[in-house]
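The notes below are meant to be read beside the coordinates, with the confidence values at hand. They take up one topic at a time.

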Amino acid sequence: MTHTLPETELWERFVSGDQQAFSQLYDQFSDSLFAFGMRYTTDDDLVKDCIHDLFIDLHSYRTGLSQEVNVKFYLLKSFRRKLYAAHRKATRLRLDRWNADDTFGMNAFAFSIEQEIIIDEGQRELMQQLAAELNQLPERQREILYLRYNQNLDYDQIAAVMQISVPTCRTFIYRALKQLRGKLEFGSVILIFCWQ
Amino acid sequence: MKKKLPRKGKSQDAELPELSPEDQKTAEATRQLMQHIRHESLPVTEKTYLWTRVEESIQQKKHVRLNRLWYSVAASVAILLLSGLAYFSLNRGAGTAMQQIASAAVIDTEVTQLVLADRRMISLQEQNSSLTYGKNGSHIRLDSVTAIDQQVLGQEFNTLIVPYGKRSVVTLTDGTKIWVNSGSKLVYPAQFTSADREVYLEGQAYFAVTHAEDKPFFVHTKNMKVQVFGTEFDISAYADDQLTSAVLVNGSIELTANQQSLFKAQKRKLKPGMRAVYNPGNTSLNVEQVNVTEYVSWKDGYLLNNHAPLGEILKKLSRYYKVDIELGEADSSTETFSGSLDLQEDITHVLDILSAATSLTYHQTERRFVLRKGTITQ
């Protein structure tokens, strides 16, 4: 196998027509795109179809693509748009439209905190409580926290991905965090950080 | 205990100065928790298959024009058959149909390609790829990691296109195994439904045909037809070679030249160890006793030569490695070489050995090699 190139170099080579770079791009990002897609739906075939379409588009339009992009952000943004379009198409086709849940948002998370060696019982309990509260949040808020704290996107990027304005994005995060803190016992949040 | 909650160096939420210290802490706890989200993973086989689908779709876009040609070829073949103008026997018909398909297929890709009955194109990435057909030809295993399915109703043809620099091994529904050499096209039915088993070859392939008394096996080439009685043999019928040849390892085969003179058919039975060379120029078919290993060693990854003309060897090497090799002086092509060349090695290594044995030196510019006599061109 060829060695892994840094993202930016890989992208430049892909845009300038390197077929091998294109296949490496797929190798490097298809797994995380799949995982990302499965955050929004449980239909893995739909996610795979969207990955397929995304890479076909990338290949067809590569000559027009910018050389300098944040690759991960660009892919997430384009991919979410594909997922959203596919989701809308699927719900529009459904007969019971009025019953159909046509909001597009993020599913509840499953965490693997048990696997981590969290020695302290209280701390584990708190993490579980936080996890439960996180899953109680509205889908959009959950999504925004995910993009911020799991994908590590900045506010400009999140706003672009979710197609909202930057101030809205800030407000969303602010509100989500406030809500989480309100639900959790104030003391216990402090408790976590006493251990540091 | 400190290790699970690493101290944040600088707050990554500096962008939100309006957050209270408690909110900052909630944010930090959320970040930590988010690192433990259980993600769905994409199984390797599905990842590979999805990539094949991507490549296929790209190829299909590229080959729209080719496909149109394909349709018209198929249509004209159908019309020819339907109109009753087809005067050749059914055997001849299948061979012709397959030849048409083969000539419509273009070797213009870097990777080996399989064209299915429904005109889907599957790319095979491996240098030496393998395909195995299931019982009725509808299920195909690729490189023993992925599998694809196609609908097989009757006698639908599949085409394997192996570009220069690649090789492929196909196992057909009847268990017949075919090693296809670089720069070759093989057309065959996805399953053998008719009375005869027939395939079409352009290029070179080694056949290990499963014996079936009631179903004779035919290999059609542009200039020659080979009837097989369960056996192992090699056929070389490259479009850019003037001669078509067959080498029999064991069993028995019968050759028929396609270009028949009105009164006598050029037919010849071969015995093991024999090589038949057909020259369509003067319609002569010559048979000689040979050391078969020299002709079939390529399938095992080496090239055995016994006083083989240098020109011939270089032609084989340039196909195998997909490089241009040129002989600087015309008379050097009459030079011969004896010995074994390991095709697993790099081309430069192989040429090193050749030049050492023949007092030639070579000069390389990218994928192009020029061999010259004696003088050092470095």
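Predicted model: local features only at pLDDT ≥ 70, side-chain atom pairs only at ≥ 80, totals over all residues.

1. A strand in the interior of chain B. Strand E13 of chain B, residues 232-237, is mostly covered, with 5 of its 6 residues counted as buried. On one side E13(B) is joined by 6 bridges to strand E10 (residues 197-208) of chain B, and the two run antiparallel; within this pairing Tyr206(B) stands opposite Asp234(B). E13(B) is also joined, again in the antiparallel sense, by 5 bridges to strand E14 (residues 244-250) of chain B, where Glu232(B) has Asn250(B) opposite it.

2. Confidence in chain B. For chain B the mean pLDDT is 79, with 82% of the residues reaching 70 or more. Two stretches call for caution: over residues 1-13 of chain B pLDDT stays under 50, and the model has 16 contacts beyond four places in sequence for them, while over residues 80-92 of chain B pLDDT likewise stays under 50, with 9 such contacts.

3. Confidence in chain A and overall scores. Chain A has a mean pLDDT of 82, and 81% of its residues reach 70 or more. Here the stretch to treat with caution is residues 95-100 of chain A, where pLDDT stays under 50 and the model has 2 contacts beyond four places in sequence. For the model as a whole, the scores are ipTM 0.85 and pTM 0.47.

4. Make-up of the two chains. Chain B contains 7 helices and 23 strands, whereas chain A has 9 helices and 0 strands, so that reading along the sequence of chain A gives the pattern α-α-α-α-α-α-α-α-α. Of the 378 residues in chain B, 34% are buried; of the 196 residues in chain A, 31% are buried. When contacts between residues at least 6 apart in sequence are considered, 50% of those in chain B join residues at least 24 apart, and the corresponding figure for chain A is 63%.

5. Three strands of chain B form an open sheet in the order E20-E23-E22, with mixed pairing. Strand E20 (324-327) and strand E22 (360-365) of chain B are at the edges, and each has a single partner strand, so one side of each is left without a neighbour in the sheet. From one strand to the next the twist averages 20°. E20(B) pairs with strand E23 (residues 368-373) of chain B in the parallel sense over 4 bridges, and in this pairing Leu371(B) of E23(B) is the bridge partner of Leu327(B). Helix H7 (residues 347-358) of chain B lies across E22 and E23 of chain B, and runs at about 155° to E22(B).

6. Geometry and burial of a helix in chain A. Helix H3 of chain A comprises 17 residues (44-60), which at 1.5 Å a residue should span 24 Å, and the distance of 24 Å between its end C-alpha atoms agrees with this. Its buried residues are Val47(A), Lys48(A), Cys50(A), Ile51(A), Leu54(A) and Phe55(A). Viewed down the axis of H3(A), these buried residues fall within an arc of 160°, so they line one face of the helix. As background, an α-helix has 3.6 residues a turn, so residues three or four places apart point the same way. On the face of H3(A) turned away from the buried side are the exposed residues Asp45(A) and Ser60(A).

7. Two backbone angles to check in chain A. Most residues other than glycine have a negative phi. Asn152(A) has a positive phi, near 55°, although it is a residue other than glycine; Asn152(A) is found in the loop between helix H6 (139-149) and helix H7 (155-162) of chain A, and counts as partly exposed because it has 13 C-beta neighbours inside 10 Å. Gln163(A), which is not a glycine either, has a positive phi of about 55°. Gln163(A) lies in the loop between H7 and helix H8 (166-183) of chain A, and with 10 C-beta neighbours inside 10 Å it counts as exposed.

Definitions and conventions. Residues numbered from 1 in each chain as written. Chains lettered and ligands numbered in written order. pLDDT = per-residue confidence, 0-100. Contact = placed C-beta atoms within 7 Å. Buried ≥ 20, exposed ≤ 12 C-beta atoms within 10 Å, placed from the backbone. Pairing = 2+ DSSP bridges. Axes fitted to C-alpha atoms, helices over the stretch in contact; angles between N-to-C directions. Expected span 1.5 Å × (residues − 1). Arc of directions from axis to C-beta.
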